[in-house]
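Visitor: Could you pick one part of this model and take me through it closely?

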Amino acid sequence: MTEANDSAIIEVRDLVKVYGDDTRAVDGISFAVKPGELFGFLGPNGAGKTTTIRILATLLRQTEGQAWVAGFDVATQPGEVRRSLGLAQQTPALDAFSTGRETLELAGILHRMPHPEVRRRADELLELMGLTSVGDKLTGSYSGGMKRRIDLASALMHRPPVLILDEPTEGLDPQSRTALWEELERISQAGTTMLLTTHYMEEADRLCTRLAIIDNGQIVVDGAPDELKRSVGADTVVLQLTSGNADLDSMRTKVRQLLEGMVPPDAVSPHPEGVSLSVPNASATVPALLRRLDGDGVLIAGLQMSQPSLDSVFLKYTGRHIREEAADQPISLGWQ
Amino acid sequence: MTAIAFETYYLGLRTTRRFLRVPANIVSIIFFPLIQLFVFSQLYEDIVQLPGFGSQTSYLAYLAPGQVAFTAFMAVAWSGFGLLVEYRSGYTDKLRVSPIHRWSILASEMVPLFFQAAVMAGIILIISLLLGASIVTGVGGFLLIITLAGLFGLALAGASFIPALITKSEQATSTFSLLLFPLMFASTAFVPEELMPDWMQVVNTWNPITYVIEAIRSLMVTGYDWNAIGAAVLSIVILGIILQAGTLWAFNRVSR
């Protein structure tokens with residue numbers, strides 16, 4: 001039996017899952033997550049994200065391949081794996097007839113935390129998640145956002161080193177989504193390693209320190225979000241020029257002259273508000289460009305920068321847009 | 001083993017809360033037996049004059065044991081639903097990701113059913129006492145009756161869990177529960193065996209429910225009839241072994 005790589009807290013090697021009807025939900029996936037990372041699985045529904053998660057959480061047996069969480073093999077050491085991780089599922093899994101506090105306390109008790117600590121930790125988490133006022137109400141009466149928060153809190157009761165989240169903001173309104181992102185960032189900063197799956201680019205972009213793009217059960221590319229976007233193409237910088245006394249065209253010519261040597265000639269193109277520059281890694285190069293322009297009296301009224309999106313990354317590596325696939329895939333729940 | 005007991009205890013508290021927090025649960029269990037007890041005892045009160053009834057003078061007293069058993073039946077006949085709802089919502093998965101034995105999940109559904117069946121049966125028993133029935137064996141007999149009811153419920157529960165775990169369909173599970181109903185009627189709940197048509201007497205002889213009813217009847221009307229009580233315990237054990245073994249097999253198959 002091969003051993004896990006020491007520096008990874010989650011490791012997956014050549015994982016395959018074939019379902020009874022011969023669908024290869026996971027078709028040879030390998031990746032590693034280092035301690036403290038916020039690792040993302042980005043891909044359309046049906047790509048194999050949930051299946052991979054379920055295998056890591058010991059809810060499903062893999063057909064081939066190996067996986068380790070916190071150094072424990074998911075197939076042979078499921079008990080230790082479960083003690084080391086917390087899982088927040090795609091649809092919050094709650095007992096509608098338990099209160100929020102009871103939900104948290106049960107999780108703590110099942111993890112064999114001592115009773116006084118269970119009570120304290122439950123209070124702490126209710127406070128952290130802003131649920132203290134509804135802690136003694138039945139979770140069946142909670143809103144969607146509240147259900148997710150209590151579900152997340154129950155996964156954190158035993159302070160697991162690893163937190164796995166399946167589509168954490170699926171179906172949430174924008175405010176709840178932002179609030180949850182902030183919470184997840186806090187959890188990550190506190191040192192918990194996190195693995196999340198999502199089909200929302202903005203989520204992957206904002207939260208993840210590293211990302212694997214998954215499609216049809218395979219990882220097509222992985223890396224840091226910025227790295228991936230840079231690999232697709234250059235950033236776009238739009239300089240809004242005030243005409244002052246001169247007209248826009250002569251301003252444009254001036255910009256072109258000034259930037260000669262700093263950027264290739266075809267990187268500068270006219271834009272209704274001024275010029276549009278196509279530069280790799282804009283955030284690093286723009287300061288130098290601005291210094292050159294500033295010195296010679298070009299008045300810049302404003303600046304807009306945009307990077308290629310993760311959708312462009314997905315498009316480059318799979319030939320499709322993420323959004324097209326987002327609907328129409330049934331969620332698989334329960335025992336299989 | 002102690003780990004399973006620990007987990008079953010705390011998970012059992014949860015399933016008990018789930019039951020108690022919906023008042024309709026309690027009402028739906030005792031309502032039908034209560035109606036039968038109350039209405040039939042008055043509607044058919046003269047039936048005790050038929051020869052087959054021997055020295056019975058009160059139809060209410062005759063009905064009571066059957067309704068106690070019926071209550072235990074009602075307490076468990078749809079018990080597989082709770083697990084099904086939680087499997088669907090993903091809650092069972094959440095439990096399985098906790099470091100617990102998977103058998104604790106099943107045990108936490110089953111063990112509270114013993115108590116629910118016993119307590120509900122006790123309620124119907126008390127009501128029948130208020131309506132005029134009596135227990136000649138006193139408090140000891142009362143406790144033995146509700147214990148038998150509880151064990152009977154526990155044994156029968158598998159009949160709901162097995163279809164639930166195999167089909168994972170609410171419709172199939174409730175249809176199956178409905179099929180059990182005739183068993184309650186082809187027993188000595190309503191009439192003595194002598195008054196049944198021949199074919200029903202055959203069913204009656206093989207019906208575990210009848211033995212439970214006869215044990216309860218003896219404890220209420222005649223005294224500690226250890227033959228009857230022994231027969232009841234034996235039928236409960238046989239029923240229990242068959243249905244709980246089936247439940248364990250079905251649960252094992254479906255939970256990895």
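Guide: Helices (H or I, at least four residues) and strands (E, at least two) here are DSSP runs, numbered from the N terminus, and two strands pair if DSSP finds at least two bridges between them. This is a predicted model, where local features need pLDDT of at least 70, side-chain atom pairs count only at pLDDT 80 or more, and totals for chains, interfaces and linings use all residues. Residues are numbered from 1 along each chain as its sequence is written, while chains are lettered from A and ligands numbered from 1 in the order in which they are written.

Let's look at the open sheet in chain A: four strands, paired antiparallel, in the order 2-1-4-5. Its edges are strand 2 (24–33) and strand 5 (72–73) of chain A, each of them pairing on one side only. Further in, strand 1 (residues 10–18) and strand 4 (residues 64–69) of chain A run antiparallel and are joined by five bridges. Take A:V16, for instance: its bridge partner in strand 4 of chain A is A:E64.

How far to trust it? Chain A averages a pLDDT (the predictor's confidence in each residue, from 0 to 100) of 87, and 92% of its residues score at least 70.
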